[in-house]
Amino acid sequence: MATSSWWKDKDDKFCLCSICLEQLKEPKLLLCLHRYCKDCLNSIIQGTNDVIKCPECRQETQIPTNGVDGFKTDFYSKNLVEYLQIQRSLKSDEVRECCSCSRHLIVGAYCFKCNDFLCKDCLNFHVTKETLKDHQKHTLSLEDIEAKNTTIEKLFSMLDAPRCHIHLEEREKLYCETCGNLPVCMACMYGKHKGHTLYEVTALATLKREELTQKLKVLKEINKDKNVKGPKQLVSIEREKLINMHHERDKKIMKKIQDTEGRRQQVEQEKQNTEKKIFDSLQTEMEHEIQGVEKKYEDIFRVKKLELNDAFRTRESSVKKELAELQKQRECFERDRKELLDSIEKQLNENMKTIEMMSQHFDNIKKRFEALNSMASSILASDNDWLAVECIPDVCTAAANLMKDLKKGFPELKTLTELTVNYKQYSLGEPNVTKISEIFDKKITINHVYQYVFSVTSSGDGNIVISGITSNRRAPFIIVIDTNGKILKAKTEDTRKYRPARYCKFLSQHKVASVCQPNEIGLYDIRDCSYIKKNISDVINSWPIAQHISCVATAPVKNHILVGGYSSRDVYVFDDELNFLHILTLPEMIKWPRDITVSDGRLLVCDYEEEKCYVTTMDGLESKLVGEFMKLNLEGNCFGPISICSDKNGFVYVLWKNYTQSPCQCYLIQYNHDGSQVLTTRKVEGDTCAATVVETSQGEKLLVATYEQAVYLYDLMPEEDKSS
């Protein structure tokens, strides 16, 4: 494409290719308001099919069926090109024929009314003669150009009205809106344009100026709100926080190893000192004994020494074993830490690419906005009505496209804080044991419309999301409340079906993974209540025809969503864009998952049919059994697990329920991380259906929800504070 040349006037700037500046051709206009001559456009669209991208701003434009000739003529730029050629002719002392005296002289002015040049002698007559009074404001002199007082607005005011597109000898009087604002004369009203929508040029120009002014106002407001600096700062801050956190954890592990090594050396020194004391004591005693009993003392010494050596060997072995375990855990930590830092770096690079793409997008938007604003301001400032009528429709079209692009939101950046190391598997000291308080700290009653609750989940910032069905048992709902019970957001969906159960789990700070019977999976954004969804049966060929969803879990570290179904050991794994990844098959002893959750990189499964709760692996396609939760002898023997969750210290909470009794009996049991030890047992409401942990300003609290309208918050107290 030809190189660009620039023509400047005060603060206005327009770009035309050099071919357009050298020859008076019709500049062709793309919808983004960038302009090219026919030759340039031919080179741009060569090899393309239906759509081209503007080389300047990357805006896409449909190619007309008749090619380059189908693009609109840019009258605004065409007039500027004509002005540049006239300006060049007047400055170059070029000899031309004067339109007034017909002599060939150096011209000194140009009359846009006559569309011809004037010599310096005829100029004064042309602008003072009474019969040529209407030519005065349409005459441009060399003095005006040299004085640099010809603005764009003044130039457009000099331009004469166009000719009728049919009767070329007649000036236009009206514009035909039916035919795309074509200029027509009075005779056309009763001819080819009879019955068309015709406007008097001044009235139509006023309407078009008002339309353009309103679009410019909206554009400026939208443009003012756009800022791409925020996400860049967010990524940088998150990266620093994560790196600092891992450095602190690394220091703690190294200190633990050093302390253990110190203890081992201390034990070794104690052993040597004790041996020496015993030996010295026995040696002194033997020196005072008679030679006849020397053997007795030697036997005593040998026995004592053997006992002492056995004791120290046992203790030393224990210390060495502890040290080896710590070294092994340190190596595991280093491996996990490296994997995490690689994940952080990868996510950071992806975020930076997204931000760079956003920056380029808004740089292009800025170029388009500046071009549009400059052209629109010039047209609005000019009193040339026919120019306004011809140009404003194209400017408004470009403004509409620009507004559409400006309103596009930022792609959501995946937060880096979701990439964390599972430190609970490392022996940095035992976590503070907590107990569930005897009575609930707070009771929240939900609005009666949202009556039947099926699941409850919470984010790290204290928001609580509850899902279920409305009181008429037809509309599945999702509501967001705070810890005081205030409803922040609410979304319902009328399915016209009976009891469409819905379950939810938080995936990130603002996104909730949600599933709804029979086979719907979706993502709910708590900020704006937006919800995207898919039918699992549409994306998974192996999904059984009669299969219904029974539960959902999330693995925030990997941004995975896990979905379980009734009477099936298959758990379906999706990514955070609802793309299907693979199937995780549970061990054979599990019939089907009533509820699942991810804790410490393992999957915790409630099998209500078998009345058992399991710990399984999540690696590969086949899950392996790790352990089974201890089950208490409660009132009756038909208790099954219905809900499971864990806190930040790794303690697990399971709801056990017996539906065979009337009324139903329900217990909330707290376990250690692998379910091998029961820590706390609490009896709760019989219609309790779900449990989760919520972070509040007072620390973590345990939240349990009942089927009908009630949510209870329990304090998690340190064990030493329980008595108080």
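Colleague: Y566 has 30% relative accessibility, so does it count as buried, partly exposed or exposed?

Modeller: Buried means under 20% relative accessible area, exposed means over 50%, and partly exposed is in between, with a 1.4 Å probe and protein chains only. At 30% relative accessibility, Y566 therefore counts as partly exposed.

Colleague: What kind of model is this, and how are residues numbered?

Modeller: This is a predicted model, in which local features need pLDDT of at least 70 and side-chain atom pairs count only at pLDDT 80 or more, while totals for chains, interfaces and linings use all residues. Side-chain values use heavy atoms, without hydrogens and water, and residues are numbered along each chain as its sequence is written, from 1.

Colleague: Where is Y566 found, and how far is its C-alpha atom from that of S550?

Modeller: Helices (H or I, at least four residues) and strands (E, at least two) are DSSP runs, numbered from the N terminus. Y566 is in the loop between strand 26 (560-565) and strand 27. Contact means heavy atoms within 4.5 Å, and S550 is one of the residues in contact with Y566. Along the chain Y566 and S550 are 16 residues apart, and their C-alpha atoms are separated by 5.5 Å.

Colleague: How many helices and strands does the protein chain have?

Modeller: The protein chain has 724 residues, of which 47% are buried. Of its contacts with a separation of 6 or more, 53% are between residues 24 or more positions apart. The count for the protein chain is 11 helices and 39 strands.

Colleague: Which residue has a side chain in polar contact with the side chain of E520?

Modeller: E520 is in strand 23 (residues 520-525), and at 11% relative accessibility it counts as buried. A polar contact is a pair of N or O atoms within 3.5 Å; within protein, one must be able to donate a hydrogen and the other to accept it, and residues adjacent in sequence count only if both atoms are side-chain atoms. Not counting residues up to four places away in sequence, E520 touches several residues, including R502, K533 and Y531. At 2.6 Å, the side-chain partner of E520 is Y531.

Colleague: Is the peptide bond from Q517 to P518 cis or trans?

Modeller: Most residues other than glycine have a negative phi, and most peptide bonds are trans. P518 lies in the loop between strand 22 (511-516) and strand 23. With omega near 5°, the bond from Q517 to P518 is cis.

Colleague: What is the phi of L578?

Modeller: L578 is in the loop between strand 27 (570-574) and strand 28 (580-585). With a relative accessible area of 2%, L578 is buried. Although L578 is not a glycine, its phi is positive, at about 65°.

Colleague: Are the rings of Y572 and F580 stacked, edge-to-face or tilted?

Modeller: Rings of Phe, Tyr and Trp (its six-membered ring) pair if their centres lie within 6.5 Å; planes under 30 degrees apart count as stacked, over 60 as edge-to-face and the rest as tilted. The whole structure has 10 aromatic pairs. The centres of the Y572 and F580 rings are 6.5 Å apart and the planes are at 45°, so the pair is tilted.

Colleague: Why are the buried residues of helix 2 said to line one face of the helix?

Modeller: The buried residues of helix 2 (residues 38-45) are C40, L41, I44 and I45. The arc is that of the directions from the helix axis to the C-beta atoms. Seen down the axis, these buried residues line one face because they fall within an arc of 120°.

Colleague: Which residue's backbone nitrogen does the side chain of D595 reach?

Modeller: D595 is found in strand 29 (residues 595-599) and is buried, with a relative accessible area of 10%. Leaving out residues up to four places away in sequence, D595 touches K505 and S643, among others. At 2.9 Å, its side chain reaches the backbone nitrogen of I644.
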